[in-house]
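User: I am new to this structure. Please take me through some of its local details.
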Amino acid sequence: MMETREPLQVQPARRRVVEILLGGGLMASIVSFLYPVLRYLVPPPVPDLGGDEVVAGKVGDLKANSSKIFRFGNRPALLLLTAEGEYRALSATCTHLSCTVQYRSDLHEIWCACHNGMYDLNGRNISGPPPRPLETYQVHVRGDEVVVSRKRGA
Ligand code: FES
């Protein structure tokens with residue numbers, strides 16, 4: 001005697017539950033892919049962590065006509081000792097596209113390697129694409145420390 005099988009029927013309610021689960025899984029996959037991409041493209045704002053004053057180094061760390069990068073708040077800054085023995089401190093963030101600038105001891109100027117921007121030792125943009133001067137800071141020698149601070153009213 002042969003058994004007869006009824007055609008497989010999925011109940012409409014069960015089908016609906018499966019569709020919801022599959023749709024939810026697909027949405028979760030899309031979100032889990034897009035979220036890190038969006039976080040990468042739109043980084044969170046970084047608060048300025050620094051105060052108005054920082055010890056940039058010790059007296060004698062720099063030779064005349066040389067420089068060093070130090071952190072001023074959450075940004076790089078440039079401390080340089082001119083060939084005449086005068087300290088200068090400036091923001092090291094190029095005003096063009098935010099590359100870090102460096103002191104060119106051979107030219108006695110500040111140079112941005114990204115697009116060949118040039119600044120003089122007062123931070124003025126003198127050639128290349130930078131649209132604005134670099135921010136300049138005050139430098140004080142306090143004991144054996146070289147202290148850099150923001151200019152008041154700037
Ligand atoms: S980022 Fe400095 S010149 Fe373009």
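User: Which backbone oxygen does the side chain of Ser-66 reach, and at what distance?

Analyst: This is a predicted model, in which local features need pLDDT of at least 70, side-chain atom pairs count only at pLDDT 80 or more, and totals for chains, interfaces and linings use all residues. Residues are numbered from 1 along each chain as its sequence is written, and side-chain values use heavy atoms, with hydrogens and water left out. A polar contact is a pair of N or O atoms within 3.5 Å; within protein, one must be able to donate a hydrogen and the other to accept it, and residues adjacent in sequence count only if both atoms are side-chain atoms. The side chain of Ser-66 reaches the backbone oxygen of Lys-63, at 2.5 Å.

User: Which residues is Ser-66 in contact with, leaving aside its neighbours within four places in sequence?

Analyst: Ser-66 lies in strand β2, residues 66–72 (strands are DSSP runs of E, at least two residues, numbered from the N terminus). Contact means heavy atoms within 4.5 Å. With neighbours within four places in sequence left aside, the contacts of Ser-66 are Leu-79, Leu-80, Leu-81 and Tyr-103.

User: Which residue in β6 is the bridge partner of Arg-104?

Analyst: Strand β5 covers 102–104 and is an edge strand. Two strands pair if DSSP finds at least two bridges between them; β5 and β6 (residues 109–112) run antiparallel and are joined by three bridges. In β6, the partner of Arg-104 is Glu-109.

User: What is the strand order of the open sheet with β5 in it?

Analyst: The edge strands are β5 and β8 (125–127), each pairing on one side only. The sheet has four strands with antiparallel pairing, in the order β5-β6-β7-β8.
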